[in-house]
Amino acid sequence: MNEQFARRKLAETCKRIYDRNLTVSAGGNMSLRLSDSEFVITPTGRNKGSIGPDEMVLMNMKGKVLSDGRPSVEKGFHIALLTANPDTASVIHCHPLYCTALAVRGENIRSALTPEGIILLGNVPMVGYFTPGSKKLTDAVAEHSSSNAMLLERHGAITQGRSLEEAFNRMEELEFQARLQAMVGDARELPASEIKKLQRM
Ligand SMILES: [Zn+2]
């Protein structure tokens, strides 16, 4: 993927995430793969509603910064997921309110309440709490690298996808499922036979 195109797409998606209330202030970070060895990532400490394409930071998978700007402090888990999954083009981390409420309570997302939850998200693990930006958090996220989506205890959520749009759709769906769960409480999940059928789709 062309670097300028990737910078523009990432800036558009930041604005979308912010406008959809999927994160507030400078919370969250996003990356988009250019090749096997390089990706662009959001800069540290900037409000997600107003980052321009020029502010995105070019890095390689070894953690070296190749452009102006300072990358997100969470670059470690972006590199871990992009490296573990050659099919992953994009990683999105943010702090959607309902996801974060569950993560603060240490309560799992019940993604088998609706078909979309199963198809788009699958099983959503809870990554234990570690200091943001720490190697321990990166290692804990890496342990769940095969998951499409995960919650971070007392922190927020991560999704990944084969395109920026797929990672975004998963984040939007994850927050929808968390809100749904807040409304329907302990409603029964879909029957096991239907879950199996949906998992094959
Ligand atoms: Zn965060």
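Helices, as DSSP runs of H or I with at least four residues, and strands, as DSSP runs of E with at least two, are numbered here from the N terminus. On that basis, the protein has seven helices and seven strands. The model is predicted.

**Overall fold**
- Read from the N terminus, the elements follow the order α-β-β-β-α-β-α-α-β-α-β-β-α-α.
- Along the principal axes, the C-alpha atoms occupy a box of roughly 50 × 30 × 30 Å.
- Buried residues account for 41% of the 201 residues.
- Of the contacts between residues at least 6 apart in sequence, 63% link residues at least 24 apart.

**Packing of H3 against H6**
- Helix H3 (residues 97-105) packs on helix H6 (residues 164-184) at an angle of about 65 degrees, and their axes are 7 Å apart.
- The two helices, H3 and H6, cross in a left-handed sense.
- From H3, Tyr98, Cys99 and Leu102 meet Leu174, Glu175, Ala178, Arg179 and Ala182 of H6.
- This contact comprises six nonpolar, no polar and two charged residues.

**Alanine 103**
- Alanine 103 lies in helix H3.
- Alanine 103 counts as buried because it has 25 C-beta neighbours inside 10 Å, where the cut-off is 20 or more.
- Leaving aside residues up to four places away in sequence, alanine 103 touches Leu151, Leu152, Glu153, Arg154, His155 and Gly156.
- Leucine 152 is 49 residues from alanine 103 in sequence, yet their C-alpha atoms are 6.2 Å apart.

Note on methods
Residues are numbered from 1 along each chain as its sequence is written. This is a predicted model: local features need pLDDT of at least 70, side-chain atom pairs count only at pLDDT 80 or more; totals for chains, interfaces and linings use all residues. A residue is buried if 20 or more other C-beta atoms lie within 10 Å of its own, exposed if 12 or fewer, and partly exposed in between; C-beta atoms are placed from the backbone. Two residues are in contact if their C-beta atoms, placed from the backbone, lie within 7 Å. Axes are lines fitted to C-alpha atoms, for helices over the stretch in contact, and angles run from 0 to 180 degrees between N-to-C directions. A crossing is left-handed if the near helix is turned anticlockwise from the far one by less than a right angle, and right-handed if clockwise. Ala, Val, Leu, Ile, Met, Phe, Trp, Tyr, Cys and Pro count as nonpolar, Asp, Glu, Lys and Arg as charged, and the others, Gly among them, as polar.
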